[in-house]
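The following exercises concern a single structure, shown below. Each task is followed by a solution in steps.

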Amino acid sequence: MTNEDNQDRDFDELLLMLKESRGFDFTGYKRSTLERRVNRRMTVVGLSTFAEYRDYLELEPEEFSQLFDSMLINVTSFFRDPLAWQALRERVIPELLSAKGAKAPVRVWSAGCATGEEAYTLAIILAEAMGADQFRERVKIYATDLDEDALQQARTGTYETSTLAGVPEELVNTYFEVAGTKRAFRRDLRRQVIFGRNNLTHDAPISRVDLLAARNMLMYFNAETQASIVRRFHFALSYPGYLFLGKAEMLLNHSDRFQPVDLRKRLFRKAPPTTMMEPGRPVGWTEASGREQSGDRLECAALASGPAVQLAIDLADKLRLANSAAEALFNLRPRDLGRPFQDLEVSYRPAELRSRIDQVRKELRPIELHDVEWLRSGSSEPGYYDISVVPLFGAPGDLIGVGVSFVDVTRYRRVRDELSYANTELERAYEELQSLNEELETTNEELETMNEELQSTNEEMEATNDELVERSTELGESNFYFQSALASMRTAVVVVNADLRVQTWNLPAEDLWGLRSDEVVGQHFLDLDIGLPVDRLRPLIRSCLAGEADGDELTLDATNRRGKTISCRVICTPLRASAAEIRGAILLMEAI
């Protein structure tokens, strides 16, 4: 395999990656243009092969936006090619409005609108021709593009003043409001401009359009894709409907569909809707025996431009009639009229029709096919159609052919599927809700039981609290009496705990030794620096704590707080919590 073949394969894989990962299908674009624009990005990031660039995109996802900006070619401006817009304003708009009723809606499609300049230019021209009030009441401008970022910018309707350089000053002042350093298209008129994403090669076209602008956009597609898009444009336009192309584009192979209004300015009018009727034959589902009356022409126009896809096959199994909708759906051309029906793809796709046409001829009754699935070439999702095959009679009992009609029910199928899914989800949600209700009821019962238990516990706690309050009061009173008794005693009283730390030191003790209660409580009794040789009391206190002595006494020479030498008698008694438990010792001290 040559290096060129490898590059072609790698480029195809790159396009497939863009389609599968980001939803952009560039199949119908000119390959040379795409390769040139991808190579431009490869040069910027310093890569030499498509395979390397594909790997780079996987590692650097932000590069996608730069690539799409390059590939989607959003080149546009207000009143681009002013002479062409002047011709549109002077030749097409008056003719278009005169053909519409005074209150009839006007539908416009700006295909490939980029950042919206072309769509707003159309709005300005129509508002100037109709007046702002009529514009608001009657006009809808549908502006579509493949680039969602460009559409987001277009929806704001806000532009730099430099972007408006090509717009006459009086129009800028009339149709653009000041928005900081920028200008914004008038909000009351902006509501009539509707932006949306549309892939011209795959998505359904906007229907019943009076004016379609697609300027300098077709030139980026290959010839086959251009032809397909032009057929879609023809189907989208009502009659009379007008097509406005860019100066780089022509309709050399579509003279059967469009007639020039101003060829140099690329303005075209949709050809009268007799294109797909067999030349030289009267129109309608029945033969008219050579009549060229107005009723026949009206029937022709109605059948040709109707939204339903319709075909007619004569008794010789040849295609005799196909309307515009059939032309767009099955890519039929005038030369296909008169061909054997079995030679056409429509005879077996999306459904096998030849045997059913034979059955209708024999049984003389209609056959209905419902929800026929058809994945069209280039489409990522299938469509669904209801097909009717009916006998056609010129007079009662006179069979002259078979009619086949196709009704696109894709939208209804999707709605039905979504409704079925919604019902399923609703049933599931209802079951879950019932389960939750049951759990909630159980939880409520448990909560009620817990509440009763909590109430009972609370009552018990309240009773306990009352008892504690009562005990605390009693204890306070006892403590008061105890402290009062200690204070009223003339004998010094010192109480120590089992660790010999002072717990009580009454007023006579303060007066005897010269230390306040707050200075000694908590201190070790044997560490106190008072006029009493406390270390000689250690054996007496230890015997008391051990329960070996009770009321034993010891007389020691001491010095009181006044520095006077005294004899101090100390009596030690155990501090009992119970008969078997001694928690400390009580020392009674008296000067003698």
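**Exercise 1.** Determine whether Phe78 and Phe176 are buried or exposed, and describe the geometry of their rings.

*Solution.* Step 1: both Phe78 and Phe176 are buried, where buried means under 20% relative accessible area, exposed over 50% and partly exposed in between, with a 1.4 Å probe and protein chains only. The model is predicted: local features need pLDDT of at least 70, side-chain atom pairs count only at pLDDT 80 or more, and totals for chains, interfaces and linings use all residues. Residues are numbered from 1 along each chain as its sequence is written, and side-chain values use heavy atoms, with hydrogens and water left out.

Step 1: the structure holds 15 aromatic pairs; rings of Phe, Tyr and Trp (its six-membered ring) pair if their centres lie within 6.5 Å, and planes under 30 degrees apart count as stacked, over 60 as edge-to-face and the rest as tilted. Phe78 and Phe176 form an edge-to-face pair, with 5.6 Å centre to centre and 90° between the planes.

Step 2: Phe78 lies in the loop between α4 (63-72) and α5 (82-99), and Phe176 lies in strand β4 (residues 176-179), so the pair ties together parts that are 98 residues apart in sequence. Helices (H or I, at least four residues) and strands (E, at least two) are DSSP runs, numbered from the N terminus.

Step 3: Phe78 and Phe176 belong to one aromatic cluster with Tyr120, Tyr159, Tyr175, Phe185 and Phe195.

**Exercise 2.** Explain why the pair of Trp109 and Phe233 ties together separate parts of the sequence.

*Solution.* Step 1: Trp109 lies in strand β1 (residues 106-111) and Phe233 in helix α11 (residues 223-236), so the pair ties together parts that are 124 residues apart in sequence.

Step 1: the pair of Trp109 and Phe233 is edge-to-face, at 5.7 Å centre to centre and 85° between the planes.

Step 2: Trp109 counts as buried because its relative accessibility is 1%. Phe233 counts as buried at 1% relative accessibility.

**Exercise 3.** Characterise the surroundings of His234 and Asp10.

*Solution.* Step 1: His234 is placed in helix α11 and counts as buried at 2% relative accessibility. Leaving aside neighbours within four places in sequence, His234 is in contact (heavy atoms within 4.5 Å) with Arg257, Phe258, Lys270, Ser324 and Glu327.

Step 1: Asp10 lies in helix α1 (residues 3-22) and counts as buried at 8% relative accessibility. With neighbours within four places in sequence set aside, Asp10 is in contact with Phe50, Ala51 and Arg54.
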